[in-house]
Amino acid sequence: MAILLCTKTAAMNDWRDALLAEDSSLEIRLFPEAGDPADIEAAVCWNQHDMAELRRYPNLKLIVSMGAGVDHLLRPPGPPPGIPVARLKDHRLTTGMTEFVVLNVLRFHRQDLEYRALQAKRVWEELPAPDTARRRIGILGLGELGAASARALLSFGFPVSGWTRTPREVEGVTGFHGTEGLDAMLRQTDILCCLLPLTPQTRGVINARTLALLPRGAFVINSARGGHVVAEDLLAALDSGHIAAAALDVFEPEPLPAEHPFWGHPRVLVWPHASAITIPSSAAPQVVENLRRAREGRELINLVDFSAGY
Ligand code: GLV
(Lines give C-alpha, C1' and ligand atoms only; values in the text may rest on other atoms or scores of the structure.)
Protein backbone atom coordinates (compact mmCIF):
# COMPACT_ATOMS: atom_id res chain seq x y z
CA MET A 1 0.00 0.00 0.00
CA ALA A 2 1.24 3.50 -0.78
CA ILE A 3 0.87 7.19 -0.01
CA LEU A 4 0.46 9.38 -3.08
CA LEU A 5 1.92 12.89 -2.88
CA CYS A 6 0.01 15.28 -5.10
CA THR A 7 1.65 18.67 -5.49
CA LYS A 8 3.50 20.49 -8.20
CA THR A 9 5.63 22.31 -5.70
CA ALA A 10 9.28 21.71 -5.00
CA ALA A 11 8.17 20.44 -1.58
CA MET A 12 7.32 17.01 -3.03
CA ASN A 13 10.76 15.54 -2.25
CA ASP A 14 10.82 17.11 1.23
CA TRP A 15 7.45 15.52 1.94
CA ARG A 16 8.71 12.14 0.81
CA ASP A 17 11.82 12.39 2.98
CA ALA A 18 9.82 13.59 5.98
CA LEU A 19 7.27 10.78 5.74
CA LEU A 20 10.02 8.17 5.35
CA ALA A 21 11.85 9.62 8.35
CA GLU A 22 8.69 8.97 10.39
CA ASP A 23 8.18 5.46 9.05
CA SER A 24 10.76 3.95 6.73
CA SER A 25 8.39 1.13 5.78
CA LEU A 26 6.06 3.52 3.95
CA GLU A 27 5.85 3.37 0.20
CA ILE A 28 5.65 6.86 -1.27
CA ARG A 29 4.59 7.62 -4.84
CA LEU A 30 4.87 11.03 -6.46
CA PHE A 31 1.96 12.04 -8.68
CA PRO A 32 1.56 11.42 -11.63
CA GLU A 33 3.62 8.23 -11.06
CA ALA A 34 0.90 6.56 -9.00
CA GLY A 35 1.59 3.03 -10.21
CA ASP A 36 -1.24 0.53 -9.63
CA PRO A 37 -4.28 2.60 -8.53
CA ALA A 38 -5.26 -0.21 -6.12
CA ASP A 39 -2.07 0.43 -4.08
CA ILE A 40 -2.98 3.97 -3.06
CA GLU A 41 -4.40 4.19 0.45
CA ALA A 42 -3.74 7.86 1.24
CA ALA A 43 -3.31 11.02 -0.84
CA VAL A 44 -1.55 14.10 0.52
CA CYS A 45 -2.54 17.00 -1.70
CA TRP A 46 -1.90 20.65 -2.33
CA ASN A 47 -4.05 23.04 -4.22
CA GLN A 48 -3.32 22.28 -7.84
CA HIS A 49 -4.60 18.78 -7.61
CA ASP A 50 -7.66 17.59 -9.51
CA MET A 51 -9.96 15.89 -7.01
CA ALA A 52 -11.78 13.99 -9.76
CA GLU A 53 -8.54 12.10 -10.29
CA LEU A 54 -8.68 10.64 -6.77
CA ARG A 55 -11.80 8.67 -7.73
CA ARG A 56 -9.47 6.30 -9.60
CA TYR A 57 -8.09 4.79 -6.37
CA PRO A 58 -10.45 2.07 -5.10
CA ASN A 59 -8.62 1.55 -1.77
CA LEU A 60 -8.20 5.20 -0.82
CA LYS A 61 -8.81 5.62 2.94
CA LEU A 62 -7.64 9.15 3.63
CA ILE A 63 -6.99 12.51 1.97
CA VAL A 64 -4.76 15.04 3.73
CA SER A 65 -4.28 18.70 2.89
CA MET A 66 -0.67 19.89 2.83
CA GLY A 67 -1.85 23.05 4.56
CA ALA A 68 -4.23 24.38 7.18
CA GLY A 69 -6.80 25.28 4.52
CA VAL A 70 -8.94 22.67 2.79
CA ASP A 71 -11.00 24.82 0.41
CA HIS A 72 -8.89 23.46 -2.46
CA LEU A 73 -10.02 19.93 -1.62
CA LEU A 74 -13.70 20.69 -1.06
CA ARG A 75 -14.51 22.77 -4.12
CA PRO A 76 -16.38 20.86 -6.87
CA PRO A 77 -16.06 18.03 -7.66
CA GLY A 78 -14.79 17.59 -4.07
CA PRO A 79 -13.21 14.49 -2.59
CA PRO A 80 -14.54 11.04 -3.51
CA PRO A 81 -17.71 10.39 -1.46
CA GLY A 82 -17.14 8.74 1.91
CA ILE A 83 -13.39 9.41 2.07
CA PRO A 84 -12.34 11.40 5.16
CA VAL A 85 -10.28 14.55 4.67
CA ALA A 86 -7.82 15.85 7.27
CA ARG A 87 -6.07 19.20 7.48
CA LEU A 88 -2.77 20.07 9.11
CA LYS A 89 -2.70 21.53 12.57
CA ASP A 90 0.94 22.17 13.04
CA HIS A 91 2.84 24.41 15.43
CA ARG A 92 5.22 25.64 12.70
CA LEU A 93 2.24 26.75 10.60
CA THR A 94 0.64 28.42 13.59
CA THR A 95 3.88 30.15 14.60
CA GLY A 96 4.49 31.32 11.05
CA MET A 97 1.02 32.79 10.79
CA THR A 98 1.26 34.46 14.18
CA GLU A 99 4.56 36.07 13.18
CA PHE A 100 3.05 37.30 9.94
CA VAL A 101 0.03 38.85 11.63
CA VAL A 102 2.10 40.46 14.40
CA LEU A 103 4.64 41.76 11.87
CA ASN A 104 2.00 43.51 9.80
CA VAL A 105 -0.07 44.74 12.75
CA LEU A 106 3.09 46.32 14.17
CA ARG A 107 4.10 47.80 10.81
CA PHE A 108 0.75 49.55 10.57
CA HIS A 109 0.53 50.42 14.25
CA ARG A 110 4.07 51.85 14.37
CA GLN A 111 3.56 53.92 11.18
CA ASP A 112 6.25 51.98 9.32
CA LEU A 113 4.85 52.92 5.91
CA GLU A 114 4.97 56.61 6.85
CA TYR A 115 8.53 56.35 8.21
CA ARG A 116 9.70 54.52 5.07
CA ALA A 117 8.17 57.29 2.94
CA LEU A 118 9.99 59.86 5.06
CA GLN A 119 13.23 57.90 4.75
CA ALA A 120 12.88 57.86 0.96
CA LYS A 121 12.83 61.68 1.13
CA ARG A 122 15.63 61.77 3.79
CA VAL A 123 13.27 63.57 6.15
CA TRP A 124 13.98 63.34 9.90
CA GLU A 125 10.54 63.74 11.43
CA GLU A 126 8.87 62.27 14.49
CA LEU A 127 5.22 61.28 14.10
CA PRO A 128 2.77 61.22 17.03
CA ALA A 129 3.35 58.19 19.28
CA PRO A 130 0.75 55.45 18.66
CA ASP A 131 -1.22 54.14 21.65
CA THR A 132 -1.33 50.35 21.78
CA ALA A 133 -4.20 50.29 24.26
CA ARG A 134 -6.35 52.26 21.82
CA ARG A 135 -5.53 50.38 18.60
CA ARG A 136 -8.39 47.94 18.29
CA ILE A 137 -7.67 44.69 16.48
CA GLY A 138 -10.51 42.66 14.93
CA ILE A 139 -9.77 39.10 13.89
CA LEU A 140 -12.06 37.26 11.48
CA GLY A 141 -11.90 33.62 12.54
CA LEU A 142 -10.74 32.32 15.91
CA GLY A 143 -9.68 28.82 14.89
CA GLU A 144 -6.21 27.45 15.48
CA LEU A 145 -4.55 30.34 13.63
CA GLY A 146 -6.87 33.20 14.61
CA ALA A 147 -6.78 32.32 18.30
CA ALA A 148 -2.97 32.11 18.30
CA SER A 149 -2.66 35.53 16.65
CA ALA A 150 -5.20 36.95 19.09
CA ARG A 151 -3.17 35.72 22.08
CA ALA A 152 0.05 37.15 20.68
CA LEU A 153 -1.56 40.55 20.05
CA LEU A 154 -3.12 40.57 23.51
CA SER A 155 0.34 40.09 24.99
CA PHE A 156 1.36 43.44 23.45
CA GLY A 157 -1.61 45.14 25.11
CA PHE A 158 -3.82 45.59 22.04
CA PRO A 159 -7.58 45.29 22.64
CA VAL A 160 -8.54 42.25 20.54
CA SER A 161 -11.94 41.23 19.23
CA GLY A 162 -12.76 38.14 17.23
CA TRP A 163 -15.60 37.16 14.95
CA THR A 164 -16.71 33.57 14.47
CA ARG A 165 -19.61 31.82 12.73
CA THR A 166 -20.84 30.35 16.00
CA PRO A 167 -20.01 31.71 19.48
CA ARG A 168 -16.45 30.92 20.58
CA GLU A 169 -14.58 31.99 23.67
CA VAL A 170 -10.90 32.86 23.67
CA GLU A 171 -9.69 34.30 26.95
CA GLY A 172 -9.21 38.05 26.79
CA VAL A 173 -10.82 38.35 23.34
CA THR A 174 -14.14 40.16 22.90
CA GLY A 175 -16.24 37.72 20.92
CA PHE A 176 -18.71 38.51 18.13
CA HIS A 177 -20.65 36.09 15.98
CA GLY A 178 -23.29 35.96 13.27
CA THR A 179 -24.05 38.68 10.71
CA GLU A 180 -24.95 41.34 13.23
CA GLY A 181 -21.87 40.50 15.25
CA LEU A 182 -19.73 40.98 12.17
CA ASP A 183 -21.04 44.48 11.56
CA ALA A 184 -20.67 45.39 15.24
CA MET A 185 -17.07 44.19 15.35
CA LEU A 186 -16.10 46.00 12.15
CA ARG A 187 -17.45 49.32 13.49
CA GLN A 188 -14.89 49.13 16.29
CA THR A 189 -11.88 47.68 14.44
CA ASP A 190 -8.79 49.69 13.52
CA ILE A 191 -6.79 46.75 12.15
CA LEU A 192 -8.78 43.91 10.58
CA CYS A 193 -7.03 40.53 10.23
CA CYS A 194 -8.67 37.79 8.17
CA LEU A 195 -7.89 34.23 9.25
CA LEU A 196 -11.13 32.56 8.21
CA PRO A 197 -11.51 29.33 6.28
CA LEU A 198 -12.80 29.98 2.77
CA THR A 199 -16.33 28.62 2.45
CA PRO A 200 -19.31 29.73 0.33
CA GLN A 201 -20.41 31.76 3.39
CA THR A 202 -17.11 33.57 3.90
CA ARG A 203 -16.28 34.22 0.22
CA GLY A 204 -16.18 37.98 -0.39
CA VAL A 205 -16.61 38.83 3.31
CA ILE A 206 -14.30 41.84 2.86
CA ASN A 207 -16.32 43.90 0.40
CA ALA A 208 -17.55 47.47 -0.16
CA ARG A 209 -20.24 47.12 2.51
CA THR A 210 -18.06 45.64 5.22
CA LEU A 211 -15.08 47.90 4.44
CA ALA A 212 -17.38 50.93 4.81
CA LEU A 213 -18.21 49.77 8.36
CA LEU A 214 -14.56 50.02 9.42
CA PRO A 215 -13.57 53.40 10.86
CA ARG A 216 -11.83 55.72 8.37
CA GLY A 217 -8.10 55.03 8.37
CA ALA A 218 -8.43 51.34 9.29
CA PHE A 219 -5.99 48.73 8.01
CA VAL A 220 -6.66 45.31 6.46
CA ILE A 221 -4.49 42.20 6.71
CA ASN A 222 -5.50 39.11 4.73
CA SER A 223 -3.51 35.93 5.14
CA ALA A 224 -6.44 33.51 4.75
CA ARG A 225 -7.54 33.18 1.11
CA GLY A 226 -7.75 35.64 -1.76
CA GLY A 227 -11.44 34.78 -2.15
CA HIS A 228 -12.25 36.51 1.14
CA VAL A 229 -11.55 39.91 -0.39
CA VAL A 230 -13.39 41.60 -3.25
CA ALA A 231 -10.23 43.10 -4.76
CA GLU A 232 -11.94 45.97 -6.63
CA ASP A 233 -13.76 47.02 -3.45
CA LEU A 234 -10.55 47.04 -1.44
CA LEU A 235 -8.76 49.06 -4.13
CA ALA A 236 -11.59 51.59 -4.17
CA ALA A 237 -11.48 51.88 -0.36
CA LEU A 238 -7.68 52.34 -0.46
CA ASP A 239 -7.89 54.94 -3.22
CA SER A 240 -10.54 56.93 -1.36
CA GLY A 241 -8.35 56.88 1.77
CA HIS A 242 -11.06 55.12 3.78
CA ILE A 243 -8.68 52.18 4.23
CA ALA A 244 -5.17 53.39 5.10
CA ALA A 245 -3.23 50.33 3.91
CA ALA A 246 -3.44 46.59 3.40
CA ALA A 247 -1.08 43.65 3.81
CA LEU A 248 -2.13 40.84 1.49
CA ASP A 249 -0.58 37.39 1.33
CA VAL A 250 -3.29 35.64 -0.68
CA PHE A 251 -5.01 36.43 -3.96
CA GLU A 252 -7.36 35.10 -6.54
CA PRO A 253 -5.84 33.98 -8.83
CA GLU A 254 -2.36 33.06 -7.62
CA PRO A 255 0.25 33.99 -8.61
CA LEU A 256 -1.08 37.56 -8.59
CA PRO A 257 -0.99 38.61 -12.29
CA ALA A 258 1.88 41.00 -13.08
CA GLU A 259 -0.53 43.71 -14.27
CA HIS A 260 -2.66 43.65 -11.09
CA PRO A 261 -2.93 47.09 -9.41
CA PHE A 262 -2.08 45.61 -5.98
CA TRP A 263 1.54 45.13 -7.07
CA GLY A 264 2.31 48.80 -7.54
CA HIS A 265 -0.09 50.27 -5.01
CA PRO A 266 1.79 52.49 -2.52
CA ARG A 267 -0.51 51.40 0.32
CA VAL A 268 -0.49 47.66 -0.35
CA LEU A 269 2.11 45.20 0.92
CA VAL A 270 2.07 42.16 -1.36
CA TRP A 271 3.29 38.76 -0.15
CA PRO A 272 3.43 35.61 -2.33
CA HIS A 273 1.26 33.30 -0.16
CA ALA A 274 4.18 32.92 2.22
CA SER A 275 2.71 33.88 5.59
CA ALA A 276 2.76 30.32 6.94
CA ILE A 277 4.66 27.79 4.89
CA THR A 278 4.18 24.10 5.65
CA ILE A 279 7.37 22.45 6.86
CA PRO A 280 7.01 18.76 5.89
CA SER A 281 9.29 17.50 8.69
CA SER A 282 7.04 19.21 11.23
CA ALA A 283 3.79 18.09 9.62
CA ALA A 284 4.68 14.49 8.70
CA PRO A 285 4.08 12.87 12.13
CA GLN A 286 0.35 13.70 12.11
CA VAL A 287 -0.02 12.37 8.56
CA VAL A 288 1.61 9.08 9.52
CA GLU A 289 -0.44 8.91 12.73
CA ASN A 290 -3.64 9.41 10.72
CA LEU A 291 -2.65 6.74 8.24
CA ARG A 292 -2.07 4.28 11.11
CA ARG A 293 -5.45 5.16 12.56
CA ALA A 294 -7.15 4.75 9.17
CA ARG A 295 -5.53 1.33 8.72
CA GLU A 296 -6.68 0.25 12.16
CA GLY A 297 -10.16 1.72 11.77
CA ARG A 298 -9.57 4.15 14.67
CA GLU A 299 -10.84 7.70 14.96
CA LEU A 300 -8.88 10.14 12.79
CA ILE A 301 -7.38 13.45 13.93
CA ASN A 302 -7.77 16.96 12.45
CA LEU A 303 -10.73 15.86 10.36
CA VAL A 304 -12.64 18.29 8.17
CA ASP A 305 -16.29 18.84 9.01
CA PHE A 306 -17.91 18.71 5.57
CA SER A 307 -21.08 20.43 6.79
CA ALA A 308 -19.10 23.44 8.08
CA GLY A 309 -16.81 23.41 5.04
CA TYR A 310 -13.55 23.43 7.00
C1 GLV B 1 -1.85 27.74 3.41
O2 GLV B 1 -2.43 28.49 2.71
C3 GLV B 1 -2.47 26.73 4.19
O4 GLV B 1 -3.65 26.42 3.96
O5 GLV B 1 -1.79 26.17 5.06
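Reply: An oxygen atom of the ligand is 2.6 Å from a polar backbone atom of A68. That pair is a polar contact, that is, two N or O atoms within 3.5 Å; within protein, one must be able to donate a hydrogen and the other to accept it, and residues adjacent in sequence count only if both atoms are side-chain atoms. The model is predicted, so local features need pLDDT of at least 70 and side-chain atom pairs count only at pLDDT 80 or more, while totals for chains, interfaces and linings use all residues. Residues are numbered from 1 along each chain as its sequence is written, and side-chain values use heavy atoms, with hydrogens and water left out.

An N or O atom in the side chain of R225 lies 2.7 Å from a ligand oxygen, and a polar side-chain atom of H273 is 2.5 Å from an oxygen atom of the ligand. The residues around the ligand are W46, G67, A68, G69, R225 and H273; here a residue is near a molecule or strand if one of its heavy atoms lies within 4 Å of it.

H273 has a backbone feature of its own: its phi is positive, about 50°, although H273 is not a glycine. With a relative accessible area of 25%, H273 is partly exposed. Buried means under 20% relative accessible area, exposed over 50%, and partly exposed in between (1.4 Å probe, protein chains only). H273 sits in the loop between β12 and α10 (280–296). Helices (H or I, at least four residues) and strands (E, at least two) are DSSP runs, numbered from the N terminus.

β12 (268–270) is an edge strand, as is β8 (174–177), and each pairs on one side only. Two strands pair if DSSP finds at least two bridges between them. The sheet in question is open and has seven strands in the order β8-β7-β6-β9-β10-β11-β12, with parallel pairing. Its twist averages 15° from one strand to the next. Within this sheet, β6 runs parallel to β9 (residues 191–194), joined by four bridges, and L140 stands opposite C194 of β9.

Helices pack on this sheet. α3 lies across β6, β9, β10 (218–222), β11 (243–248) and β12, at about 160° to β10. Helix α8 (residues 231–239) touches β10, β11 and β12, and its direction makes about 140° with that of β11. For these angles, axes are lines fitted to C-alpha atoms, for helices over the stretch in contact, and angles run from 0 to 180 degrees between N-to-C directions. Contact means heavy atoms within 4.5 Å.

α5 packs here too. Its buried residues are L145, G146, A147, A148, S149, A150, A152 and L153, and they pack against α3 (91–109), β6 (137–140) and β7 (160–164). At 1.5 Å a residue, the 13 residues of α5 (residues 144–156) should span 18 Å, and the end C-alpha atoms are 19 Å apart, which agrees; the expected span is 1.5 Å times one less than the number of residues. After α5 comes G157, with a positive phi near 100°.

Five bridges pair β1 (residues 2–6) with β3 (residues 40–45) in the parallel sense, and L4 stands opposite A43 of β3.

The loop between β11 and α9 (261–264) holds P253, and the peptide bond joining E252 and P253 is cis, with omega about 0°. H260 is in the loop between β11 and α9 as well. A polar atom of the H260 side chain lies 3.0 Å from the backbone nitrogen of F262. Not counting residues up to four places away in sequence, H260 touches A231 and L235.
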